[in-house]
Amino acid sequence: MKKTGIIIAIIIGVALLWGVGTYNGFVKKQEAVTTAWGQVENVYQRRADLVPNLVALVKNYTEYEQGTLIAVTETRAKAAASAVSTENFDETEFANFESAQNELGNSLNRLLVSVENYPDLKANEEYLTLQAQLAGCENRIQTERERFNEAAKDYNQSIRRFQNNLIAKMFGFEKRPYFEAEAGAERVPETF
């Protein structure tokens, strides 16, 4: 009888240690996703911070691109207003955020294409610097999105594995969304 009690206590102890270790592993991976998301937001914010400087500079050179400038300003405001809660990564919020950021990227691309009609502006040192900074932001955005997707993949795989999924369901660990390629992403952009 005493041996049976010891064996049961050992089994319960092992199961408890496994559960605690699994839970802590999920927390660590969840924090990695949150950290990666913070980096994504940082680089998108950096790009958004450059937009007013670009719009002001282009406005000084162009008289006929007001519609494009207004579109860039509006999409920047929309992108700045979109947010994703890191507590639950709601799929709808995530999709809206991604859509708003893609719209801003597309409107910036249209603005930079329209600048091709203004040789003086294209040669302007400040414009060249802003264009280089935007190109760097686009590269960092791509890198940070990839890092986020990797962290989300690692986390999602860990909560879906058998046995782990029992702890995940018990404590409410939910799947995280991924960034997906925008329609037409297979085309090479004209600028950037």
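What pattern does the chain follow when read along the sequence? The pattern is α-α-α-α-α-α, and the chain holds six helices and zero strands. Helices (H or I, at least four residues) and strands (E, at least two) are DSSP runs, numbered from the N terminus.

This is a predicted model, in which local features need pLDDT of at least 70 and side-chain atom pairs count only at pLDDT 80 or more, while totals for chains, interfaces and linings use all residues. Residues are numbered from 1 along each chain as its sequence is written, and side-chain values use heavy atoms, with hydrogens and water left out.

**The chain as a whole**

The C-alpha trace spans about 90 × 25 × 25 Å along its principal axes. The radius of gyration of the chain is 24 Å, whereas a compact globule of 192 residues would have a value near 16 Å. This radius is taken over C-alpha atoms, and the globule rule is 2.2 Å times the number of residues to the power 0.38.

Of the 192 residues in the chain, 38% are buried. Buried means under 20% relative accessible area, exposed means over 50%, and partly exposed lies in between (1.4 Å probe, protein chains only). The accessible surface of the chain comes to about 11,700 Å², and carbon and sulfur atoms hold 54% of that surface. Accessible areas come from the Shrake-Rupley method with a 1.4 Å probe; for residues, only the protein chains shown count as cover.

Among contacts in the chain with a separation of 6 or more, 79% are between residues 24 or more positions apart. Contact means heavy atoms within 4.5 Å. The chain carries 21 positive and 26 negative charges, and their mean positions are 12 Å apart. Lys and Arg count as positive and Asp and Glu as negative, while His and the chain ends are not counted. The place of a charge is taken as NZ of Lys, CZ of Arg, CG of Asp or CD of Glu.

**Selected residues**

The table gives the relative accessibility of several residues.

| Residue | Relative accessibility | Class |
|---|---|---|
| Q101 | 5% | buried |
| T75 | 11% | buried |
| G105 | 12% | buried |
| N102 | 16% | buried |
| Q163 | 42% | partly exposed |
| E146 | 46% | partly exposed |

T75 is found in helix 2, which covers residues 66-81. A polar atom of the T75 side chain lies 3.1 Å from the backbone oxygen of V72. A polar contact is a pair of N or O atoms within 3.5 Å; within protein, one must be able to donate a hydrogen and the other to accept it, and residues adjacent in sequence count only if both atoms are side-chain atoms. Leaving aside neighbours within four places in sequence, T75 is in contact with E103, L104 and S107.

Helix 3 spans residues 91-114 and includes G105. Not counting residues up to four places away in sequence, Q101 touches Y44, R47, A79 and S82.

Which residue lies 79 residues from N102 in sequence and 9.9 Å from it in space, C-alpha to C-alpha? That residue is A181. For G105 and N24, which are 81 residues apart along the chain, the C-alpha atoms are separated by 38 Å.

E146 lies in helix 5. Between E146 and Q101 there are 45 residues of sequence separation and 15 Å in space, C-alpha to C-alpha.

Where is Q163 found? Q163 is found in the loop between helix 5 (125-160) and helix 6 (164-171). Although Q163 is not a glycine, this residue has a positive phi of about 80 degrees. The C-alpha atoms of Q163 and T22 are separated by 9.3 Å, with the two residues 141 apart along the chain.
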